[in-house]
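Colleague: I am new to reading protein models. Could you walk me through one, starting with a single residue?

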Amino acid sequence: MLERFLALAAAAPVTVALIDGATGRITTRAQLAKRIDEIATRFAGAGFRERDVVAIQLPNSVDLVAGFGAILKQNLVAILIDRDATETEVARILGHFSARGLVYRSGEEVLISTRSAQRAAIPENARLIKLTSGSTGLPKGIVASDANLLADCLNICVTMGIRSGDISLGAIPMSHSYGFSNLVTPLLVQGTPIVISNDYLPQSVMNLCNQFVCTVAPLIPMVFDHLVIAAAGEFSTVRTFLSAGAPLPAVVSRKFRGRFGTPIHTFYGCSECGGITYDREGASVERGTVGQAMENVQLSSARGRLMVRGSNVSLGYLHDADTFERFENGRFLADDLIELRDGGEIAITGRASDLINTASKKVNPREVEQVLLQIDGVRQAKVYGEPAGARGEVVAAAVVASPDVTREQIRAWCRDHLSPHKVPRIIKLIESIPVDERGKVKRAVLAEL
């Protein structure tokens with residue numbers, strides 16, 4: 001991957017690689033290559049050896065891209081840590097995966113710290129460890145090789161028609177799988193420039209796209225919702241709006257298309273595989289699907305769960321520094337439950353782990369949510385299970401609705417449209433569904449309401 005970028009930089013050194021959305025400052029390919037060399041030299045001076053694990057905790061920036069490039073140059077292994085993670089969380093991650101160092105920012109200065117650590121039990125060709133939630137409360141690492149990352153990048157660019165001459169809005173966190181795969185790797189592999197921002201405000205998103213002639217805008221559902229409500233003006237240059245990170249509500253898709261006259265393309269994936277499906281036509285959520293398989297990705301159903309095959313599938317899980325679990329034969333069995341629709345479109349019908357067990361009967365939260373969203377005045381709904389002793393769980397629903405909607409109306413509607421065991425026993429009327437910066441629902445917060 002790095003060799004591709006260095007060849008691009010040598011062939012067209014003054015071509016723009018990155019633009020700082022706040023200042024307008026341009027970093028050319030040659031300047032980015034130089035910064036990669038500078039950080040790589042600092043890694044060597046700090047005593048890092050090949051296959052040492054080095055964490056990066058930086059906001060969207062030139063140095064985040066250059067830091068990863070330097071890790072490639074020195075044959076190290078990167079962990080990308082959320083820019084907002086606390087010192088305690090960072091320390092826990094470093095210890096859990098035996099990281100030898102951390103790249104971080106103090107003020108405007110980028111620093112590299114070192115620590116004593118044993119060599120993590122990762123494959124020889126490991127290059128990146130993506131973090132995901134583990135069942136014990138400690139993170140689980142998804143280990144990807146350079147070949148996995150390259151395959152995913154090429155799949156994304158070919159499927160979505162992203163070219164070197166495009167300009168991508170870089171507002172989503174580049175430390176997360178979505179931002180890394182859709183922003184960092186296309187820059188390194190084919191030179192697609194990024195307009196860097198750490199601002200999600202809707203008017204800022206629109207202004208940056210128009211000012212810097214962005215043609216591709218990867219965003220999350222929450223931002224699309226806010227754009228419909230709060231942004232003044234029109235997008236003048238964006239060709240492709242991408243939504244990923246969390247399910248895009250059909251109502252947001254319809255409103256955005258009506259407001260701006262262009263559809264949102266759903267991009268569905270996971271950290272274990274990168275891109276899985278893409279909505280080439282646009283507005284697929286209004287049809288109840290997440291599009292069709294990405295180019296070079298093979299999908300099938302294994303007892304209702306999604307099976308993914310392809311060179312993009314990562315090597316496996318690093319549960320801790322000593323325990324690596326390999327994915328067999330480039331296959332990953334996802335937790336998502338699917339249906340294959342006409343034209344090869346995939347519908348996500350729920351998650352195997354989210355099924356609610358109430359008195360030995362299984363309830364799919366998606367089914368109940370779809371019923372709730374048919375009620376006049378209901379804007380959002382999240383259904384989940386709350387512990388209920390010997391009964392197992394009861395169905396709980398967090399609902400965002402207009403003030404005239406009552407719990408009694410919701411229950412009456414559900415009784416008319418659902419089997420008794422599927423009717424929510426707990427209904428929480430709230431102002432907004434709590435989500436993280438990727439737009440994913442905070443289940444623990446819902447349970448505490």
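Modeller: Gladly! Keep in mind that this is a predicted model. Let's begin with Thr-159, which has a relative accessible area of 10% and is therefore buried.

Colleague: Where does Thr-159 sit, and which residues does Thr-159 touch?

Modeller: Thr-159 belongs to helix α5, residues 146–160. Leaving aside residues up to four places away in sequence, Thr-159 touches Tyr-278, Arg-280, Met-294 and Glu-295. There is also a polar atom of the Thr-159 side chain 2.6 Å from the backbone oxygen of Asn-155.

Colleague: Thanks! Now the sheet: in what order do the strands lie?

Modeller: The order is β6-β5-β3-β4-β7-β8-β18-β19, 8 strands in an open sheet with mixed pairing. At the edges are β6 (109–114) and β19 (323–326), each of which pairs on one side only. On average, neighbouring strands are turned by 25° against each other, direction ignored.

Colleague: Which helix packs on the sheet and touches β6?

Modeller: Helix α3 (residues 62–73) does, and α3 also touches β3, β4, β5 and β7. The direction of α3 makes about 175° with that of β3. Helix α4 (residues 87–96) packs on the sheet too, and the direction of α4 makes about 160° with that of β5.

Colleague: What about charged pairs: how many salt bridges does a search of the whole structure find?

Modeller: The search finds 17 salt bridges. One of them joins Asp-52 to Arg-119, with the closest N and O atoms 3.3 Å apart. Asp-52 is in the loop between α2 and β3 and Arg-119 in the loop between β6 and β7, so this pair ties together parts that are 67 residues apart in sequence.

Colleague: Is Asp-52 buried or exposed?

Modeller: Asp-52 counts as buried, at 1% relative accessibility.

Colleague: Which partner does Asp-166 have?

Modeller: Asp-166 forms a salt bridge with Arg-239, the closest N and O atoms being 2.7 Å apart. Since Asp-166 lies in the loop between α5 and β9 and Arg-239 in the loop between α8 and β12, the pair ties together parts 73 residues apart in sequence. Asp-166 is buried at 3%, while Arg-239 is partly exposed at 34%.

Technical notes
Residues numbered from 1 in each chain as written. Predicted model: local features only at pLDDT ≥ 70, side-chain atom pairs only at ≥ 80, totals over all residues. Heavy atoms only, no water. Pairing = 2+ DSSP bridges. Helix = DSSP H or I, 4+ residues; strand = E, 2+ residues; numbered from the N terminus. Axes fitted to C-alpha atoms, helices over the stretch in contact; angles between N-to-C directions. Contact = heavy atoms within 4.5 Å. Buried < 20%, exposed > 50% of the residue type's maximum accessible area, 1.4 Å probe, protein only. Polar contact = N/O pair within 3.5 Å; in protein donor to acceptor, adjacent residues only side chain to side chain. Salt bridge = Lys/Arg side-chain N within 4 Å of Asp/Glu carboxyl O.
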